[in-house]
Amino acid sequence: MYAVGVDIGGTKIDCVLMDSAGHVIRDVIVPTAPQDGAAAVFDRIAGSVGALAEHAPGEIVSIGIGCTGLVNQQAGMIENSVHLNWQNVPLREGVRERLRLDVPIAIENDLKAAALGEKRFGAGKNSAAFVYLAIGTGLGSAAVINDRVVSGSRGLAMEIGHLMIDPNGRRCACGRRGCLETFLSGTGLAHAAGILRHDHPESTLSAGEDKPTTAAILAAARAGDAFGRMLIDEMRGGLARAISICAAVFNPDLIVLGGGFGLAAWDLLTDGVLALASEYALPELFTELRLSKPECTRQAIGAGAVGLQAIGH
Ligand SMILES: [Zn+2]
């Protein structure tokens, strides 16, 4: 029994043919090129899936597609994806009508799909309830209770990036102030550095015309630069707030912390963060709580798991 998993990112579409244990048999990676329009993206997905199907050693039972943005699973629609510039795009039907295979297709938000991958094949295997926080350019988040990703009524559960935690905080791209993402994302960190560096002329981050990159901020913090450390401390505070909210809502036994920036800054961000989080919520919520890096590093495998789960496997 084989499944296809597809991860649609802003720059590339990763397609894998996998077995039910999450082992990748073959893969195809093509550019997303969303500027060509949704139909061209559907063509590329169908082409990749077709190429994988030709070489499948056995029957393909499901196709799962993870996509960045707000995903309505029931309707098979991408309601909004900033990275792809998609609004109300019928992803499931668009792919289905281009495929020669008659196989069930399920779609899911990419981070929720990755979280299911962690449950089945990664860090969440032995967890009763865990939360996945992915710090990249934005903040992705998902919760898995027992064997299920928490979806909510329209698939928007755990959209916490634009949860306002400081009404007097910095302006967010969404127009509000003090969203969690202004603290807990690479974009938010670089923006904060750009604004605050004028108050810290002694910092290496204040040299030059351009605002510092997240890599420069991390390097400065590791080198002991006081401003760099302050920025990372503020981010750790944002992470503690996010963890405390998730702990109170779901009582998880595990926080999987990933994302490109989350992994690059793992040691700095996790240092003392659970103790800090326990100051914001009932301490009993933290007695069993631990932190882990993701272990299923390919989101397409999680997408494959979404397809398998949709048909009862
Ligand atoms: Zn916001």
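Four residues hold the zinc ion: His162 through ND1, and Cys172, Cys174 and Cys179 through SG, at 2.0 to 2.3 Å. Donors here are N, O and S atoms within 2.8 Å of the metal (3.2 Å for Na, K and Ca), and water is not among the atoms, so sites may look incomplete. The site is tetrahedral, with angles of 101 to 121° among the 4 donor atoms; four donors get that label if all angles lie between 85 and 135 degrees. Along the chain, the donors follow the spacing H-x9-C-x1-C-x4-C. Histidine 162 and cysteine 179 both sit in the loop between β11 and α4 (180-183), so the pair ties together parts that are 17 residues apart in sequence. Histidine 162 counts as partly exposed at 33% relative accessibility, while cysteine 179, at 0%, counts as buried. The cut-offs are under 20% relative accessible area for buried and over 50% for exposed, with partly exposed in between (1.4 Å probe, protein chains only).

A word on the model: it is predicted, so local features need pLDDT of at least 70 and side-chain atom pairs count only at pLDDT 80 or more, while totals for chains, interfaces and linings use all residues. Residues are numbered from 1 along each chain as its sequence is written, and side-chain values use heavy atoms, with hydrogens and water left out.

Now for the strands. An open sheet of 5 strands runs in the order β11-β10-β9-β12-β13, with mixed pairing. At its edges stand β11 (148-149) and β13 (290-292), each with a single partner strand, so one side of each has no neighbour in the sheet. Helices (H or I, at least four residues) and strands (E, at least two) are DSSP runs, numbered from the N terminus, and two strands pair if DSSP finds at least two bridges between them. Strands β9 (residues 129-135) and β10 (residues 139-145) run antiparallel and share 7 bridges, with valine 131 partnered by alanine 143 in β10. Most residues other than glycine have a negative phi. Asparagine 146 is exposed, with a relative accessible area of 53%.

Elsewhere, β4 (60-67) has 8 of its 8 residues buried. This strand runs parallel to β1, with 7 bridges, and aspartate 7 stands opposite glycine 66 in β4. On β8 (residues 105-109), β4 finds another parallel partner, joined by 5 bridges.

The 17 residues of helix α1 (residues 38-54) should span 24 Å at 1.5 Å a residue, and the end C-alpha atoms are 24 Å apart, which agrees; the expected span is 1.5 Å times one less than the number of residues. Buried residues of α1 include Phe42, Ile45 and Leu52, and their cover includes β1, β2, β4 and α2.

The largest nonpolar core has 44 residues, with Leu133 and Phe261 among those with the most contacts inside it. Such a core is a set of buried Ala, Val, Leu, Ile, Met, Phe, Trp, Tyr and Cys residues joined through side-chain atoms within 4.5 Å. Helix α7 (residues 226-250) gives the most to this core, with 11 residues. Another core, of 28 residues, lies apart from it and includes Ile8, Leu17, Leu52 and Val95.

Methods. Contact means heavy atoms within 4.5 Å. Four donors count as tetrahedral if all angles lie between 85 and 135 degrees; four count as square planar and six as octahedral if opposite donors are over 155 degrees apart and all others between 65 and 115; anything else is irregular.
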